Amino acid sequence: MLNSLVDLVLQKRALFLFLTVAIVAGGIYSWQSLQIDAFPDATNIQVMILTEAPGLAAVDVEQQITYPIEAHMGGLPDVRQVRSLSKPGLSQVVVVFEDSVDIYFARQIVLERLQAAEETLPDGMEPELGPVSTGLGEIYQYTLESSRHDAMELRTIQDWLVAPRLRTISGVTEVNCFGGFVKQLHVVVEPDKLLKYGLALRDVFEAVEKNNANAGGGFILHGWEQSYVRTVGLFAGADDISRVVLKTKDGTPVFLGDVAEIRPGPETRQGAVTRDGKGEAVCGMVVMLKGANAKEVVDRVRTAMAEIEQPLREEGVTVNTFYDRTALIVTCMKTMTDALWQGGLLVVAVLFLFLMSVRAGLIVAISIPLSALITFIMMRFYGLTANLMSLGGLA
């Protein structure tokens with residue numbers, strides 16, 4: 001059988017030479033188009049449902065939010081498991097599907113059931129789907145540092161300047177922000193003044209909500225021109241809030257500023273971020289889209305971060321990166337590449353020493369890269385990434 005195969009190769013030299021060239025071309029193309037990462041992603045197909053429930057205890061979150069959502073997720077096709085976690089102020093439901101299910105199809109059918117589940121939830125509860133990512137989606141982390149800005153100002157820069165820019169990058173599904181203080185305008189009501197004017201807290205809530213909006217009023221024709229009519233009511237600062245009218249007393253308006261103090265302050269939080277023992281820090285974490293090429297996404301993030309950091313430096317803010325997946329990927333790729341060529345060199349050397357034939361050694365030297373190129377073609381066909389495990393197996 002082996003002799004027949006050798007005879008066939010010798011008789012059809014042009015054909016097998018063409019096949020060899022095709023394998024080399026296909027292997028090189030497959031290697032260049034392989035998704036590169038440090039580790040294989042073994043995360044299952046899952047859809048996460050998150051619901052914020054401010055003020056509710058864990059038992060209330062479980063009874064009023066988590067259980068109704070779990071009940072509606074029953075019966076979905078190809079569902080392997082439904083698990084949940086209820087914490088004070090937060091409900092998390094995870095629907096795990098079979099590995100053969102497309103992630104976007106899974107999210108679609110979960111969203112359809114979730115719309116029905118929303119009708120059974122308390123007013124104001126709005127569940128949302130988690131990002132399309134995996135357990136290895138964290139590819140880039142950094143902190144904002146400045147000697148001229150406090151933790152609240154740094155968090156504002158992170159939320160309104162840095163994170164929105166990073167979210168526009170192809171392959172980035174989410175940018176999480178930690179640490180610092182989220183800036184808010186607090187309406188601190190004085191109870192004695194409420195009693196003085198015959199008002200209740202509900203009057204304050206409703207007045208603030210109704211006055212913080214813009215409204216359209218159609219348009220007015222002026223010959224060939226149209227002038228649109230609109231009322232501008234969105235708050236632009238503390239002064240606008242203080243001028244909200246709560247009621248009139250004897251023809252005199254009672255403003256919100258008459259019964260409350262409006263002042264900036266931080267949002268209530270359940271934790272903090274510190275780094276290197278230097279106190280409060282503002283941290284950002286870039287999460288990669290499931291199935292994206294980690295190296296390419298990180299390269300795009302680094303390029304965008306360099307553009308973002310340039311104007312920030314003029315304001316005394318620096319970006320300090322403490323986790324970059326690129327370094328890990330490059331190290332893994334170098335380790336496996338060195339192992340491949342060193343292993344091939346040793347095989348050729350051993351064959352030459354035992355057979356004392358340069359020709360036999362060259363045949364093996366050619367077969368090793370061809371085997372690797374065929375492997376790259378199959379890896380691309382099956383959607384495998386070039387990582388520490390796959391390249392380690394090849395080596």
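User: Which helix holds Ile 368?
Analyst: This is a predicted model: local features need pLDDT of at least 70, side-chain atom pairs count only at pLDDT 80 or more, and totals for chains, interfaces and linings use all residues. Residues are numbered from 1 along each chain as its sequence is written, and side-chain values use heavy atoms, leaving out hydrogens and water. Helices (H or I, at least four residues) and strands (E, at least two) are DSSP runs, numbered from the N terminus. Ile 368 falls in the run covering residues 358-382, which is helix H12.

User: Is Ile 368 buried, partly exposed or exposed?
Analyst: Buried means under 20% relative accessible area, exposed means over 50%, and partly exposed is in between (1.4 Å probe, protein chains only). Ile 368 has 30% relative accessibility, so it counts as partly exposed.

User: Which residues does Ile 368 touch, not counting those up to four places away in sequence?
Analyst: Contact means heavy atoms within 4.5 Å. Ile 368 and Leu 345 are 23 residues apart in sequence, with their C-alpha atoms 9.8 Å apart. By the contact rule, Ile 368 touches Gly 344 and Val 347.

User: How many helices and strands does the protein chain have?
Analyst: Helix H12, with Ile 368, is one of the helices. The whole count is 13 helices and 14 strands.

User: What is the radius of gyration of the protein chain?
Analyst: This value is taken over C-alpha atoms, and the globule rule is 2.2 Å times the number of residues to the power 0.38. The C-alpha atoms fill a box of roughly 110 × 60 × 55 Å along the principal axes. A compact globule of 395 residues would come out near 21 Å, but the protein chain has 31 Å.

User: What share of the contacts joins residues 24 or more positions apart?
Analyst: The count takes contacts in the protein chain with a separation of 6 or more.

User: How far apart are the mean positions of the positive and negative charges?
Analyst: Lys and Arg count as positive, Asp and Glu as negative, while His and the chain ends are not counted. Each charge is placed at NZ of Lys, CZ of Arg, CG of Asp or CD of Glu. The chain has 33 positive and 45 negative charges, and their mean positions are separated by 6 Å.

User: How many disulfides does the structure have?
Analyst: A disulfide is a pair of cysteine sulfur atoms within 2.5 Å. The sulfur of Cys 177 is 8.9 Å from the closest cysteine sulfur, in Cys 283, so the two are too far apart for a bond. Cys 177 is buried at 17%, and Cys 283 is buried at 8%. The search of the whole structure gives zero.

User: Which cysteine does Arg 155 contact, leaving aside neighbours within four places in sequence?
Analyst: Arg 155 sits in helix H5. It is buried, with a relative accessible area of 13%. Its contacts include Phe 178, Gly 179, Val 282 and Cys 177.

User: Leu 161 is also in helix H5; is this residue buried or exposed?
Analyst: Helix H5 covers residues 151-167. Leu 161 contacts Thr 156 and Leu 312, leaving aside neighbours within four places in sequence. Its C-alpha is 8.3 Å from that of Ile 308, 147 residues away along the chain. With a relative accessible area of 51%, Leu 161 is exposed.

User: What is the relative accessibility of Thr 66?
Analyst: Thr 66 has its place in helix H3, residues 58-73. Its contacts beyond four places in sequence are Val 61, Ser 84, Ser 86, Ser 91 and Val 93. Thr 66 counts as buried because its relative accessibility is 0%.

User: What is the phi of Asp 78?
Analyst: Asp 78 is in the loop between H3 and strand S2 (79-87). It is partly exposed, at 45%. Asp 78 is not a glycine, yet its phi is positive, at about 60°.

User: Between which strands is the loop with Asp 276?
Analyst: Asp 276 also has a positive phi, of about 55°, although it is not a glycine. It is exposed, with a relative accessible area of 59%. Its loop runs between strand S12 (260-266) and strand S13 (282-288).
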